[in-house]
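Reader: I have just opened this structure and would like to learn how to read it. Could you take me through it feature by feature?

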Amino acid sequence: GAQPPAVKGLPDPATFAEQAAQDLREIASAETLVVLNLEKSEGKAVEFGYARALGKRIIVVGERSITNIFHYLPGVVCLLIDTPPEALLRRIQSSRI
């Protein structure tokens with residue numbers, strides 16, 4: 001299909017498309033998606049949904065969103081950002097969907 005015009009200062013649309021395709025390939029080959037929930041992001045929401053659709057383990061690091069209903073699905077593990085790194089690693093290693 002037709003590509004949208006390039007925007008000054010941003011990569012061209014073909015580069016964005018390849019980056020998105022690469023992200024999806026990486027999620028598909030991963031065992032777990034770790035989401036850093038530090039700010040709102042449309043891309044993060046897409047990656048979360050894609051991983052969920054593939055049955056991947058999902059770990060959200062940061063506050064559980066009060067507006068993202070998908071953070072409340074069974075099997076989604078939420079860890080507070082102030083959790084000590086050793087405890088984060090133990091939780092990540094022991095989490096299963």
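Reader: Which strands does α2 lie across, and at what angle does α2 run to β1?

Author: Let me begin with how the names are given: helices (H or I, at least four residues) and strands (E, at least two) are DSSP runs, numbered from the N terminus. For directions, axes are lines fitted to C-alpha atoms, for helices over the stretch in contact, and angles run from 0 to 180 degrees between N-to-C directions. Contact means heavy atoms within 4.5 Å. In this case, α2 lies across β1, β2 and β3, and runs at about 155° to β1.

Reader: What kind of model is this, and how are residues numbered?

Author: This is a predicted model, in which local features need pLDDT of at least 70 and side-chain atom pairs count only at pLDDT 80 or more, while totals for chains, interfaces and linings use all residues. Residues are numbered from 1 along each chain as its sequence is written, and side-chain values use heavy atoms, with hydrogens and water left out.

Reader: How many helices and strands are there, and what pattern do they follow?

Author: The chain has 3 helices and 3 strands. Along the sequence, they follow the pattern α-β-α-β-β-α.

Reader: How do I read the sheet, and what is the order of its strands?

Author: Strands of a sheet pair through backbone hydrogen bonds, either parallel or antiparallel. Two strands count as a pair if DSSP finds at least two bridges between them. Here the 3 strands form an open sheet in the order β1-β2-β3, with parallel pairing. The edge strands are β1 and β3, each of which pairs on one side only. From one strand to the next, the twist averages 20°.

Reader: Is β2 enclosed or open, and why?

Author: Buried means under 20% relative accessible area, exposed over 50%, and partly exposed in between (1.4 Å probe, protein chains only). In β2, 5 of the 5 residues are buried, so the strand is largely enclosed by the rest of the structure. In a regular strand the side chains alternate between the two faces of the sheet. On one side of β2 are Arg 57, Ile 59 and Val 61, on the other Ile 58 and Val 60, and all are buried. In β3, Val 76 and Cys 78 point one way and Val 77 and Leu 79 the other way, and all are buried.

Reader: Which residues make up the largest nonpolar core?

Author: In soluble globular proteins, nonpolar side chains tend to be buried together. A nonpolar core is a set of buried Ala, Val, Leu, Ile, Met, Phe, Trp, Tyr and Cys residues joined through side-chain atoms within 4.5 Å. The largest one here has 9 residues: Ile 27, Leu 33, Val 35, Phe 48, Ala 51, Ile 58, Val 60, Val 76 and Cys 78. Two or more residues each come from β1 (32-36), α2 (42-53), β2 (57-61) and β3 (76-79). A second, separate core of 5 residues includes Val 61, Val 77, Leu 79 and Leu 88.

Reader: Where is Asn 37 found, and is Asn 37 buried or exposed?

Author: Asn 37 is in the loop between β1 and α2. With 18% relative accessibility, Asn 37 counts as buried. Leaving out residues up to four places away in sequence, Asn 37 touches several others, including Lys 44, Val 60, Glu 63 and His 71.
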